[in-house]
Each structure stands twice: as C-alpha cells, then as structure tokens.
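I opened this model to look up how its parts pack against each other. My notes follow, entry by entry.

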Number of protein chains: 2
Amino acid sequence: MRLVILGSTGSIGRQTLDVVRDTLASRQMHITVLALTAHSNIDLLQKQIEEFHPASVCVTDEEQAEILKKRDPPCEVLSGETGIIQVAGLAEADTLLSAIVGIAGLKPAVAFIKSKKSKKSEKSNKSEKSGKTLALANKETLVTAGALVTRLAEERNVKVLPVDSEHSAIFQCLDGINSPRRIYLTASGGPFLTWSKDQIKHATLEAALKHPNWNMGKKITIDSATMMNKGLEIIEAMWLFGLKTDKIKVLIHPQSVIHSMVEYDDGAIIAQLGTPDMRLPIQYALTYPKRIFTPYERLDFMKYKSLSFEEPDYDKFPALRLALKAAEVGGLLPAVMNGANEEAVKAFINKEIPFTQIAGLIEHVMRSYYLIRAEMGGEKFDYTIDDVLQADAWARKEVMKF
Amino acid sequence: MRLVILGSTGSIGRQTLDVVRDTLASRQMHITVLALTAHSNIDLLQKQIEEFHPASVCVTDEEQAEILKKRDPPCEVLSGETGIIQVAGLAEADTLLSAIVGIAGLKPAVAFIKSKKSKKSEKSNKSEKSGKTLALANKETLVTAGALVTRLAEERNVKVLPVDSEHSAIFQCLDGINSPRRIYLTASGGPFLTWSKDQIKHATLEAALKHPNWNMGKKITIDSATMMNKGLEIIEAMWLFGLKTDKIKVLIHPQSVIHSMVEYDDGAIIAQLGTPDMRLPIQYALTYPKRIFTPYERLDFMKYKSLSFEEPDYDKFPALRLALKAAEVGGLLPAVMNGANEEAVKAFINKEIPFTQIAGLIEHVMRSYYLIRAEMGGEKFDYTIDDVLQADAWARKEVMKF
C-alpha cells in the first residue's frame, strides 16, 4: 500500500508513522510511505525522511522549507499550500491519511479525491471495486464541506474512512446489511465535566489543556474542554454515515472505554471498546477490512471496574448546542461555526480571551451570519469549495473584530 | 420462512411465539409455524394451535397426548420421542428452533440436520448458498455432542445459530473477516455473587431460584446459581465459534447489559448490549442476517448509570471449574458432566440434596468416569450419538447411587 501522510509531525501523524513502523516490523502488511508533509517542524521531518524514505515531502512554512532544502535531504522538497496539494494529488497513492489540523485539510482532501489512479493501483485493485482510500483524521474536511466532499468521493469511488476513535468505533459496529437506527457518540466530557458553570467561567488555559484520557494536540484538547469537539464529531458522523442529527445521540462516558455505539432496529446495540490509543483507529483505517496484530496494551476490564454514563449538559457546554444547531441548519453554517471556533480557540490559547468567551464569540458570529444570510434569501446548500473558504474567512474576520 | 419449534410451551418457546406474533403483526417478515412440541402442557399447546395453526404437534407425555387427541384439534397429534424426531425431520422446515431443556434436544437436532430439503426450499434458497437453519436454545446439543453435531451440520450445509443471549451477542460481534483473538463471555454471577462461601452452603431452593436479571426456566436458573450455566456456555461457544478454552474468558458483569464481547488481533473489542430480553436473540436467529424493528423496551443508559466487571471466583463456584476441565478434556466428559448436572439439579429442586452438593456430585461422577476411561485406554473422541447417550445415562445412574 502506498501511503501519503499530511501533517506527519503532529500527534496523529507521528502515531501513524508508529503504526507504519510496527506494521513493517511485524511483516503483516507492506506499506510504502510515498510522501510526508509538515507545517514547520523540519527537524522531526528530517528524521522521518531518514527512516521512511518518502519520495517527496512538503513544508508549508516557506522559510523552513528553504532551510530543509539546503540540508539536501534524499527526496523532493515542496513548499506551501500548492506543495501540499501536489503531494495529496499523487496518482501513485492508494491512501491519503490527512492529519492536518483545521480547514487547511479541505483542499488537499479534494485534490486527493480528484487525483487519477495510477495504472499500478488499477491493476492491483481489480478484485475489489474500491479505488483509493481517504483516511480522515482532519474533522474539518467533512465539518465544513461534507455535502461536497462525500458527493465527490462517491462519484470517484473513493472510500472515506474515519480515523477519529469515535467514528472508527461506529464504522466497526456497522454490519453492512442493517442501517443504524441511532448512533451513540460517547464523550469523556473533557476536563470540566465535574466543574460548576461558575468554575468554568474562571478556567485557565493550563486547566483546559489537561484532558483526562487522551493525549492530543492543543487545538483538539481545547475543543474537548468546550465540548465543541463532540459538536464537530456530530457533523462529521452525519456525513460519514448518512445520518440526520435526530439519529445521533451524545452520551457522556467519562472512562472513554466504549468508543461509540450503534443501535439497530431490533434494539441490539453494538459497541466498540478499547484503550484510549489513537494507533488503533489509525491502523484500522490502513488495514481495513483486515485487522492485524498489535503489540500495544490491551484493554483490561479489571482496570476499569466501572463504566458510567451521563446525559450531556448543554447549559454548561453551550458550544455543543451551537454545533447541533449548525448541524441541523447545514449549508455553510458549519463552516462559519468552525472558522469562528478556530479563531476563538487561538485567541484563548494566546490568553487574549477567557474560556467562556470561546462559545460566546462563536454564537455571536453564527447570529451575524444568520442575519446576513436571511437578507440574501436563506442558506446556501449547493456550495463550492470557494464558498466554504469565503464563509470560513468571513467568520474569522468577525472574531478578529472583537 | 417455515418454522418448527421444539418446546413451545416453555419459557423460550413461548417467547419465540411472541416474536412470531409480533413479526407477523408488523408484516416485516412472513413466518409459517409448521409444527410445535410440548412435554405435557397441552392446555397452552392447544391455545398455541388455535393461534398459529401448525400442521403437526407432538406431546412427549403419552398420556397427555391421548387427552389432546380426544379434544380433536385441527392438526396431526404425535407423541413421545419418536414424534418429536418426526417433527424435527420435516422436509418442509427451513428453521428448527430447539428450546427443549437437556440432552433430550440432541436426537431431534440431529434428525433436523439430516432431514431432506423440500423442493420448495431448494428453489427459494437458490440465491443463498445456505440450506436450513438450526436455531439452538438447547445448550446440551453442542455441550454433549459438539464435535459430531458441528461436523454433521457442516457436511449438510446447515447453519447453526445461537439463541442464547451470550452466544447471539458474540455471533453479532463477529465480522466475517477477522478471527476473534479472544471472546469475553459475560456472566451476571447469579443470585449468589455477593454471598460468602459459607452462606452459599446453606442456600435454599427459593434463594437459588431468584435470578437478579433474567426470568427463565427452573433448570437454567439453578445452573446460573451454581454458574454451571456459564460452564455449559463455554463448551457451547467452543463449538459454535471454533475456539479452544484459552480463547474464552468469563467475565462477571452483574448488570447483564453487555451480553458478550469479541476481542480482535488489533486490540479492538466489539460488544453487544441490550435489555435482558430473550426475544432479541430469538428474533435475530429467525431474521438473520437482517434485523427487524421490535416494539420491545430499548436499553436506556440512564437506567444503568454504571456497568461493572469482576473476575469469576472458581473457589466459590466450583461448577465453573469443573466445566472448564470438561471443556479442555473434551470427548465424552462434557456429556458425563452434563448428565450428572441434570440429575443433581433435579435432586436439588426436589429438595433431596443441599445446594453445594450439586457441584460435589458432578465432581464425584467426573472423577469416577475418568478412572474408568483410563482403564479403557483414554478418552473417546470419535463418538457416536449412542456413545453420548450411554455416557449421559451412566452419569445419571452414578448420581442416583447417592
């Protein structure tokens, strides 16, 4: 399998290369790393080049790309957004694992979906009907442009597989014959689950960055604290599994042992459980439909003597309510919400706004957008990538005004 | 689908007819009840005849069969063991649901597997490769003669589907591509889970019959109290899923919400959850691979705020240890153990022996059998049905000696 990883120096990117290393070592499957991309961490990227020998790499930051080029690594060095799109569109690639953070993942994902198949892959895939595989750790691809991306993927016969632990769990619980009656998207509840509304008002950055179960990047950790992460996951699940919001139920499950569940018409509920280890859903996206042996720690039920459940508190976590609204309305509202969230989280990480202001700003931007849209005759559902990017840029500017 | 139900007046039999009634009412699937059998409850059987119009019924008790015949019901009335075997072997049947209790289920199951296909079913099943379906609520068919029954079923292209909630759960968690690395057979732990060894010594029949979660027949309820039920399930699982005992782990889960689980090579665990309602696994065995809507109560996680797990206590529940031993040795030892258990449970229900004597008697019989076998040159693995029935009869006599 020929793999391209976008965002290889980030948390998911590094863990993907861990999986590739372990898979190669166990000789259970052959994976060729065709290309890697990074934002600016060229020191780690250089180590990855030495170990995995990609033919191309791309560094988004032009300055860092120049420095890397001067070090003369044994591969092509591209730079900027055009470089990422070039790498994402490589005909030889079978699988693109997109672990870029934010809306920056949208254009490369579309480039991959539209890329040609190499003759090699056409040949090797004769027996299967499927073409290429887009393994999505980047939520924003579907959150901001789900209608467009899923339609394109279907047209081009590209499988879109989830890398998120919750969506991978749901994907693993589907049986291919029966439609889900409902899905349970489990949520740890984040670091503020047991905090009062008043305590949350005074939450510091340090407190927000302490996730109880998962060790992740900064942006997604703050999204977990506001529960916007679960909101984004609702929208992602809608597109991945073709479900309306009324069929998606968020369930607080603080131990993060049950990664999500599917309820069927007969009342049976199928759940996927595991350790909180992102290498599992990453590997499943690469080996699907097969599973291969992993040397990682296994779930020990004696360590988790009790699994508990709660209803989410929409009052304490207004971001979740806002995301549900965006999911219900659809069109460009999720892109607006996502853009506002990205800027607001950035401002919180830079200690420019307090924690509760994140949801406050998003709500303000969504309301402004709603008024403008109403004047323009309502929501736009047959949007283009440019519409999405414009909506995103507009939302960010609205946040910046504050 | 043309269905024969063995044991239609028992707990599983009645619930199977509930499922048939609801399925017919919802028009999601057509089920014709071809034949019903009962041990002696002819009043209920008569009501079932009026509602479901079977062409034949069989009453094992000859006296009751005569009484029913005199009432002149609108169907053929057979009697005795030969009648059950005749009904089980009907060529027109697509599915046999065997809800007989005990080893009495073995011969009819074999008769069904060996029965001819009707021309009608051959025609309608052209598109599918599978022939008939044996839906097993009777554990003893596989416990006492698993090697023989599974081999026969494979030769005759008969699907053997589980009706037990645990085995149905495992069956629902298998993906058809990846072999399980291990299965977790969950157990409520029965009414004596929190009792001390000394308290269990003085357990009364009334206490043993109070199962915390499931409402079942007497025999299986006592088996749950001794945990022999879980032991029988281990042996059943070995044959249903082709697993050795080292791949089957019993996990105490007092809430009975997770009905069982499958762990795969990659560490992912797939679980099936539901209310403790036998109609679900019964229905799945009838509609598989489809699931159809049920009007029954659905699992509400807010009712089960906490799910817990414990290791089983083999010291407090020696029957579980004995069953594991029988499972490991194989051959006719499981049949001997099962026969001894049936007699010992009967004696306990008749208040002839105390509760702890059940496991004591089984162990004694297993030891005696082991000595005799050793003299005869070791365990017999290529056994016949007659060998199984002889081993069973011998074990019962050994119990009666006491």
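**Entry 1: a helix pair in chain A**

A:Leu106, A:Ala109, A:Val110, A:Ile113 and A:Lys114 of α5(A) meet A:Thr141, A:Thr144, A:Ala145, A:Val149, A:Leu152 and A:Ala153 of α7(A). By class, this contact of α5(A) with α7(A) holds eight nonpolar, two polar and one charged residues. I counted Ala, Val, Leu, Ile, Met, Phe, Trp, Tyr, Cys and Pro as nonpolar, Asp, Glu, Lys and Arg as charged, and the others, Gly among them, as polar.

Helix α5 covers residues 106-114 of chain A, and helix α7 covers residues 140-155 of chain A. Helices (H or I, at least four residues) and strands (E, at least two) are DSSP runs, numbered from the N terminus. The two axes lie 11 Å apart, at an angle of about 10°. Axes are lines fitted to C-alpha atoms, for helices over the stretch in contact, and angles run from 0 to 180 degrees between N-to-C directions. Angles under 35 degrees count as roughly parallel, and α5(A) and α7(A) are therefore roughly parallel to each other.

**Entry 2: ground rules**

This is a predicted model, so I noted that local features need pLDDT of at least 70 and side-chain atom pairs pLDDT 80 or more, while totals for chains, interfaces and linings use all residues. Residues are numbered from 1 along each chain as its sequence is written, chains are lettered from A in the order in which they are written, and side-chain values use heavy atoms, with hydrogens and water left out.

**Entry 3: two domains of chain A**

The domain assignment (automatic or from a database) gives domain 1 (2-138) and domain 2 (168-279 + 294-400) in chain A. Their C-alpha centres lie 26 Å apart. Domain 1 of chain A puts 13 residues into the contact, and domain 2 of chain A puts in 16 residues.

How much area do the two domains of chain A bury between them? I read about 1,100 Å², with 68% of it on carbon and sulfur atoms. Buried area is the accessible area (1.4 Å probe) that two parts lose on being put together, summed over both. On the domain 1 side, A:Gln15, A:Ile103 and A:Leu106 lose the most area, together 39% of what that side buries.

I then checked for salt bridges, meaning a side-chain nitrogen of Lys or Arg within 4 Å of a carboxyl oxygen of Asp or Glu. Between domain 1 and domain 2 of chain A the rule finds zero.

**Entry 4: chain B against chain A**

The buried area is about 3,600 Å², and carbon and sulfur atoms give 58% of it. In chain B, B:Asp266, B:Arg291 and B:Phe301 lose the most area to chain A, together 20% of what that side buries.

The rule finds six salt bridges across this interface. I looked at A:Asp175 with B:Arg291, whose closest N and O atoms are 3.8 Å apart.

**Entry 5: a bridge within chain A**

Over all chains the count comes to 60 salt bridges. A:Asp94 and A:Arg2 form one of them, at 3.2 Å from N to O. A:Asp94 sits in the loop between α4 (80-88) and β5 (95-98) of chain A and A:Arg2 in strand β1 (residues 2-6), so the pair ties together parts 92 residues apart in sequence.

**Entry 6: backbone**

A cis peptide bond joins A:Tyr288 and A:Pro289, with omega about 5°. A:Pro289 is in the loop between α13 (279-287) and β12 (306-308) of chain A.

Conventions. Angles under 35 degrees count as roughly parallel, over 145 as roughly antiparallel, 65 to 115 as roughly perpendicular and the rest as oblique. Contact means heavy atoms within 4.5 Å.
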